[in-house]
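Here is a short briefing to read alongside the model. Keep the structure open while you go through the points.

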Amino acid sequence: MKKLIPVFCAFILCGCAMGINHNTTSINGKPYLVETKTYGFLFEAWSKPSTLIPLEEEKEIVMPENYNPSTARAELAKIADECNIHSIKAQSRPNYKKMYKCIVEKLAELEQNAN
């Protein structure tokens, strides 16, 4: 019986596995994602036929003419600081739920003012 323990351990350590391999390709000028599912059990390994998933073309993002990333970043930092001060009050740690809610409300106000 003691001689069979290493054999049982070998089978337990072999186990089974499953994975998905992803690659991209271009067919007739259109991008596709190639997905291949692979399986393994003990010392055997096999895969299923590959599937092609069409990828959307990148859309150009149009930013407003008056957009300045450094001022937007500074404005976001200012909002986060204000909301952090409101959420701390007499606590040793900030209340992240209140801080998140405060930031969302302030950003909604900014969006309404911009329109």
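**A loop residue to start from**

Glu 56 sits in the loop between β4 and α2. With a relative accessibility of 67%, Glu 56 counts as exposed.

**Overall layout and confidence**

- The protein has 3 helices and 4 strands, and along the sequence they follow the pattern α-β-β-β-β-α-α.
- Of its 115 residues, 10% count as buried.
- The protein exposes about 10500 Å², and carbon and sulfur atoms supply 59% of that area.
- Among the contacts with a separation of 6 or more, 22% are made by residues 24 or more positions apart.
- The average pLDDT is 76, and 75% of the residues score at least 70.
- Which elements have the lowest and the highest mean pLDDT? Helix α1 has the lowest, at 69, while strand β4 (residues 51–54) has the highest, at 84.
- A word of care applies here: where pLDDT is low, the predicted coordinates should not be read in detail.

- Thr 36 belongs to strand β2, which covers residues 30–41.
- Is Thr 36 buried or exposed? Its relative accessible area is 16%, under the 20% cut-off, so Thr 36 counts as buried.
- The side chains of Thr 36 and Ser 50 are joined by a polar contact of 2.7 Å.
- Setting aside neighbours within four places in sequence, Thr 36 is in contact with Gly 19, Ile 20 and Asn 21, and also with Ser 47, Lys 48 and Ser 50.

**The salt bridge**

- How many salt bridges are there? The count comes to 1.
- Glu 82 and Lys 106 form a salt bridge, and their closest N and O atoms are 3.3 Å apart.
- Glu 82 is in helix α2 (residues 69–88) and Lys 106 in helix α3 (residues 96–114), so the pair ties together parts that are 24 residues apart in sequence.
- Glu 82 is partly exposed, with a relative accessible area of 29%.
- Lys 106 also counts as partly exposed, at 23% relative accessibility.

- Which residues make the nonpolar surface patch? Leu 4, Val 7 and Phe 8 make it, and the patch comes to about 270 Å².
- Val 7 is placed in helix α1, which spans residues 5–14.
- With 39% relative accessibility, Val 7 counts as partly exposed.
- When you look at Val 7, remember that its helix, α1, is the element with the lowest mean pLDDT.

**A positive phi in a loop**

- Asn 28 has a positive phi of about 55°, although Asn 28 is not a glycine.
- Where is Asn 28 found? Asn 28 is in the loop between β1 (16–27) and β2.
- At 78% relative accessibility, Asn 28 counts as exposed, because this value is over the 50% cut-off.

Conventions
Residues are numbered from 1 along each chain as its sequence is written. This is a predicted model: local features need pLDDT of at least 70, side-chain atom pairs count only at pLDDT 80 or more; totals for chains, interfaces and linings use all residues. Side-chain values use heavy atoms; hydrogens and water are left out. Patches are made of residues with over 30% relative accessible area and no salt bridge: like charges are joined within 9 Å, nonpolar side chains (Val, Leu, Ile, Met, Phe, Trp, Tyr) within 5 Å. Accessible areas come from the Shrake-Rupley method with a 1.4 Å probe; for residues, only the protein chains shown count as cover. A salt bridge is a side-chain nitrogen of Lys or Arg within 4 Å of a carboxyl oxygen of Asp or Glu. Helices (H or I, at least four residues) and strands (E, at least two) are DSSP runs, numbered from the N terminus. Buried means under 20% relative accessible area, exposed over 50%, partly exposed in between (1.4 Å probe, protein chains only). pLDDT is the predictor's confidence in each residue, from 0 to 100. Contact means heavy atoms within 4.5 Å. A polar contact is a pair of N or O atoms within 3.5 Å; within protein, one must be able to donate a hydrogen and the other to accept it, and residues adjacent in sequence count only if both atoms are side-chain atoms.
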